[in-house]
Amino acid sequence: MTPPRKKKMNLKQRYALMTRGLDWETSYQKMDDVFPYDTFEGIKITDWSKWEDPFRLTMDAYWKYQGEKERKLYAVLDSFAQNNGQLGISDARYVNAIKLFLTGVTPLEYQAHRHFAHLGRHIRGAGPRVAAQMQSLDELRHAQTQIHTISHYNKYFDGFAEFPHMHDRVWYLSVPKSFFDDACTAGPFEFFTAISFAFEYVLTNLLFVPFMSGAAYNGDLATVTFGFSAQSDEARHMTLGIEVIKFMLEQHPDNLPIVQKWVDKWFWRGHKMLGLVAMMMDYMLPKRIMSWKEAWEIYFTEAGGALFEDLSRYGLRVPKYADIATEEAEHISHQNWAIFYQYTQAAGFHTWLPTDEEMAWLSEKYPNTFDKYYRPRFEMWREMEAKGERFYNNALPQLCQTCQIPMGYTEPGDPTKIGFRSTEYKGDRYHFCSDGCKDIFENEPEKFAQAWLPVHQIFQGNCGGADLGDVLKWYHMENGTDNLDYSGSPDQQQWDAWQAARKKVAG
Amino acid sequence: MSIDIKTMNVEPKRHTFAHVARRLGSDAPASRYEEGVYDLQATTHFHYRPLWGPEHWHFDEGRTQVKMSDWYKFKDPRQYYYGTYTIARANMHQTTDRNFAFEEKREMLANIDPEWREMIVNYLIPLRHYEWGANMNACSISDTGYGTAITSAAIFTAGDRLGIAQILSRVGISLGNGTGDLLDDAKAQWMNGPAWQGMRKCVEDSLVLKDWFEALVAQFLVMDGLVYPLVYNHIDTEGQKHGAAAISILCEFMVDWSAEHNRWVDAVIKVAAKESEENQALLSSWYSQWRDETHKALQPLAAMVLGDGADSALADVKEQLDKRAGKLGLNL
């Protein structure tokens, strides 16, 4: 007997059988008990089958592509270690950018792994569930490959060795940590909006690209190889982010106001957290890629503008306070670096004042603000250093209840005046750096009142003790090694010794 | 003569991260597994209670009744981090692809007796839904588990179960001459076939468990511990008598995977049971309860496929699993 001629299914049909075809409507247990979390936020999904898979990757293809990328990446990392690749970077000051990355960003990749597993289990539609599972795997990949990439630097430089311990405790690391805690403790659709859309789609070019391009410009072959290797994963994450937003908006008109509120919130949260990246780009890279302001113009004003124009057909508008964030792009890096310079004694990386050449670059890139508002302060600090009176701020700063950054930001329209906002909730007064952060609190006061604010905790005696030495010990930060200025640090001494030895070898 | 390449000698200040060194007992060079897994999960100073479950932090030891002094005792004997995991699975699946090509070239599925072919649609292909249930449990363990040692291995397992469901789907599509028709038939069995309802109920019951460690015992130790040997050993052997050699070849991935996966499961159970008498009692009671229910649920399925041989096959897989559980330190 000849079997009937084989009919060929198209890729879309085949992929549907391989993924959502596996799913079934449970009857021994109620669907609402199997999927208890995907309705409480008020997002209405009328037909999950309308979900368009943003990419079609069966597990065998996933293993194959990803395994191949891992082989190549680890070959480069091995070679980087064998050839002492750390000697080839532009300057040892650069290493501080990756200290910030490992302590601030890598633990977030792990959190993302966990919470995409949560979505991969708890979203009722099988299509997005599979996509979320792959992202959970990818995020674990990013956490682990970042650790393995930076592992070599940890062997030669200070500030890396205690990264998970520091992430859970250090004052400025509570900024990225609370950002991600906020997303993971939200409902699944808010998490999708926060991380897949606002973060991965709208803002990723302002986080991932600056660090990876910074690595490329500064001779860090290991990190830039990681960056290239993660690029195709990021592309998948972005397509998931845009699909999720469109899907929610297409499913029911009632979803729009909820989604808009989340977009407003997460844009502002992202903008504040990315201030750390802004500072890294403008002050910490010995060889600069572009200024934060330029990056903001290209990746938010232009690309984000086009995106929101496209999304306007769903009724979604540009995030609230986008104009304020754009104005702040001229200030935020300078204000942040000034904060870290003043509190260098409690930072897990080194600080320094910009050189003349670097100040000239900043003047050129920030013609409206640098010379007028920030150069004089840096020059004054330089004079104080020359007199042996390096300025340290020994008072603990007030933190914003929402973004948790010290309240060092200025008023919109007046860069000479620090902005303060406050509100009352259940008899207590809460303080904010901006209208954006205050709005976020007022929308969810019971959530944000819970924040573990590092400065409050120090004052309450929960951080090892009352003086700096106690707190540093509690942070596992070694005084004189992990903190303070780059000048005179063990990192610098070692780097200078390496350079001298290389000169000798070169004759 | 030896070749002497001149390089600059630079001495490392330390050999690994401080938290890894504390676990190893000294600053010795650590493996990529150790650096990629140890202490990666945040443990303290969380900011907000989850809106979806304020009784716990999002990472919280209290999401299981099992108590451990250290959640990194659950070291994976396979030492899988993402790189070693994906490379190992890519290699395994290469063999599966070759097996599918081998079968297609020789049209081996055509050699299967027609009545057994129908049986395959009734017993094997519905397992793709069982695997999807296992995938959900694995995701759940990765979501609510504690410590990277557990959550990383769990998400790898989730990927494995989806991959296996997809291999089974491919078998169904090949048997159905390139169409999804037999997948529909098999799904009807899973949804309404009397042979499957007990197992479907077991799976659905496992999906509403609140304790992730109980889900781990129910799914990975008990359900898999009975289903895999029954299907890929006893029933497969029976299939040989009906010309189903191709099925053995196409299911080779599952046999190899299960042997490897069990090494991890056994390590987890053993460590947890050894930790305390309370853990041991808890695991033992979960084990007995799920073993009895699963064993009962499998009876109509085994009877449908193996007829008179069903009881002895089920008795054998149960005995083997009890032996294994005993070795892992459970009280039966």
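Helices, in at least four residues of H or I, and strands, in at least two of E, are DSSP runs numbered from the N terminus. The model described here is predicted.

**Tyr409(A) and the YHS region**

Tyr409(A) sits in the loop that joins helix 18 to strand 1 (410-411) of chain A. Is this residue buried or exposed? Tyr409(A) is buried, because its relative accessible area is 3% and the cut-off for buried is under 20%. Setting aside residues up to four places away in sequence, Tyr409(A) touches Lys272(A), Ile332(A), Gln335(A) and Asn336(A), and also Lys417(A), Ile418(A), Gly419(A) and Cys433(A). Glu70(A) lies 339 residues from Tyr409(A) in sequence, with 42 Å between their C-alpha atoms.

An unreviewed UniProt entry carries the annotation "domain: YHS" for residues 411-452 of chain A. Over residues 411-452 of chain A, 31% of the chain is helix and 38% is strand. The end C-alpha atoms of residues 411-452 are 26 Å apart.

Leu140(A) belongs to helix 6 (residues 126-156) of chain A. His142(A) lies in helix 6 of chain A too. Leu140(A) counts as buried, at 0% relative accessibility. His142(A) is also buried, with a relative accessible area of 0%.

Which residues does Leu140(A) touch, not counting residues up to four places away in sequence? In chain A they are Tyr110(A) and His113(A); in chain B they are Ser152(B), Ile155(B) and Phe156(B). His142(A), leaving aside its neighbours within four places in sequence, is in contact with Glu109(A), Phe226(A), Ala230(A), Asp233(A), Glu234(A) and His237(A). From C-alpha to C-alpha, Leu140(A) and Trp266(A) are 23 Å apart in space, and 126 residues separate them in sequence.

**Helix pairs**

Two packed pairs are set out here, one from each chain.

| Helix 17 (residues 356-365) and helix 18 (residues 370-386) of chain A | within 10 Å | roughly 165° | 5 nonpolar, 1 polar, 5 charged |

On the helix 17 side of chain A, Asp356(A), Met359(A), Ala360(A), Leu362(A) and Ser363(A) make the contact. They meet Phe370(A), Asp371(A), Arg375(A), Phe378(A), Glu379(A) and Arg382(A) of helix 18 of chain A.

Helix 4 of chain B contributes Trp116(B), Met119(B), Asn122(B) and Tyr123(B) to the contact. Helix 12 of chain B contributes Leu301(B), Met304(B) and Val305(B).

**Chain B as a whole**

How many helices and strands does chain B have? Chain B has 13 helices and 0 strands. The C-alpha trace of chain B spans about 70 × 60 × 40 Å along its principal axes. Chain B has 332 residues, and 64% of them count as buried. Of the contacts in chain B between residues at least 6 apart in sequence, 75% join residues at least 24 apart.

Terms used:
Residues numbered from 1 in each chain as written. Chains lettered and ligands numbered in written order. Predicted model: local features only at pLDDT ≥ 70, side-chain atom pairs only at ≥ 80, totals over all residues. Heavy atoms only, no water. Buried < 20%, exposed > 50% of the residue type's maximum accessible area, 1.4 Å probe, protein only. Contact = heavy atoms within 4.5 Å. Axes fitted to C-alpha atoms, helices over the stretch in contact; angles between N-to-C directions. Nonpolar A, V, L, I, M, F, W, Y, C, P; charged D, E, K, R; others polar. UniProt positions renumbered as here; feature names shortened; annotations may be inferred.
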